Amino acid sequence: MLVVMHQKATREEIDNVVQAIEQRGYVARPIPGGQRVSIGVLHNKGPVDGSLFLGLPGVKDVIPVTRPYKLVGREFKPQDSVIRVGDVPVGKGFFTIIAGPCALESEEQAITIARHVKEFGAHMFRGGAFKPRTSPYSFQGLGERGLKILDKVREVTGLPVVTEVMDYENFDLVESFADVIQIGARNMQNFSLLRRAGKAKKPILLKRGIAATVEEWLMAAEYIMEGGNEQVILCERGVRTFVHHSRNTLDLSAVPYVRSESHLPVIVDPSHAAGRRDQVIPLSQAAVGVGADGIMVEVHHTPDKALSDGAQSLYPEQFRELCRNVRSIYRLLQLNHSEGK
Ligand code: PEP
Ligand code: MN
């Protein structure tokens, strides 16, 4: 349930409602809005009797919440959330491009790629130091040495960096180097990791699980927000289906659906969805079309020599073309949108 306060409700009246909610054994979470404060009621086992709060001073309305996710949902917060990573916004009114190699391989590799992607229009750099690999014999990432390379990339290019945390044990370490902490598809329902992410001070990029429904994905985001970290970016990266023409199936229809259900920004990773380079540009273009707030793409200057995911990594020149195309489509849609108003 959501308790909506009057526009002119005082601090005291808000505190009073918070107290009244907590006295009944629930958790109250004030949510500042553009016009007024609302107070979410959390940890209730069943329906809450709204009349308990309706008569309190400063209360305008009580609204039942119909979805299992609360903090993540538009019922709690109708306005789009924008997550700020340094100077880079992720969310409404901006199309954020994140690019870089699948895995950090060396300082030279990372800086070469970072320089290319920055020149062609990336706003953030991605690169894994801890890699979730299907085979234990595959390259597992450089670990802490990789994280130190990210520091260098930031220093040389000024780009904020996104990197994956794979386990609870390394969370503090990854958090100290990353500007955005990625939770990968395989860990989307690693609940101890999600709880730790809820305590993090950095934004979390939460990928959709390989076989997760949208509801499960949003509930995973709810864990992070419930823990107190409201900076969550959702990332659709394809789900497992029966097809063989791509590694996964990019669920484009999830994007407008999630945007209608949640105020959180949603970006698309066409690289892990496709698994092959030739589909990455078309899928990126489609992602803009369905209203994604950005994309995250794998790029490598010598993909045939890449230690991970070379087959889906774009050559820098292809990334240049991708940036040009997605920016044109985004501008066109914005223009049409503002003319339609
Ligand atoms: C990645 O982005 O490096 C990655 C491993 O992606 P996913 O978790 O979506 O497979
Ligand atoms: Mn990869």
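Predicted model: local features only at pLDDT ≥ 70, side-chain atom pairs only at ≥ 80, totals over all residues.
## About the model

Local features need pLDDT of at least 70 and side-chain atom pairs count only at pLDDT 80 or more, while totals for chains, interfaces and linings use all residues. Residues are numbered from 1 along each chain as its sequence is written, chains are lettered from A and ligands numbered from 1 in the order in which they are written, and side-chain values use heavy atoms, with hydrogens and water left out.

## Around ligand 1

Let's start with the ligand. Its shell (residues with a heavy atom within 4 Å) consists of Arg126, Lys131, Pro132, Glu164, Gln182, Gly184, Ala185, Arg186, Lys207, Arg237 and His272. By class, that shell has six charged, three polar and two nonpolar residues; Asp, Glu, Lys and Arg count as charged, Ala, Val, Leu, Ile, Met, Phe, Trp, Tyr, Cys and Pro as nonpolar, and the others, Gly among them, as polar.

Where do polar side-chain atoms come up to oxygen atoms of ligand 1? An N or O atom in the Arg126 side chain is 2.8 Å from a ligand oxygen, Lys131 has a polar side-chain atom at 2.8 Å from one, and for Arg186 the distance is 2.9 Å. On its own, ligand 1 has 300 Å² of accessible area (Shrake-Rupley method, 1.4 Å probe), and the protein covers 97% of that.

## Helices α3 and α4

Helices here are DSSP runs (H or I, at least four residues), numbered from the N terminus. Helix α3 spans residues 107-120 and helix α4 residues 144-157. They pack at an angle of about 35°, with axes 10 Å apart; the axes are lines fitted to C-alpha atoms over the stretch in contact, and angles run from 0 to 180 degrees between N-to-C directions. The crossing is right-handed, meaning that the near helix is turned clockwise from the far one by less than a right angle.

In contact (heavy atoms within 4.5 Å) are Glu107, Ala110, Ile111, Ala114, Arg115 and Lys118 of α3 with Ile149, Lys152, Val153, Val156 and Thr157 of α4. This contact has six nonpolar, four charged and one polar residue.

Definitions and conventions. Helix = DSSP H or I, 4+ residues; strand = E, 2+ residues; numbered from the N terminus. Polar contact = N/O pair within 3.5 Å; in protein donor to acceptor, adjacent residues only side chain to side chain.
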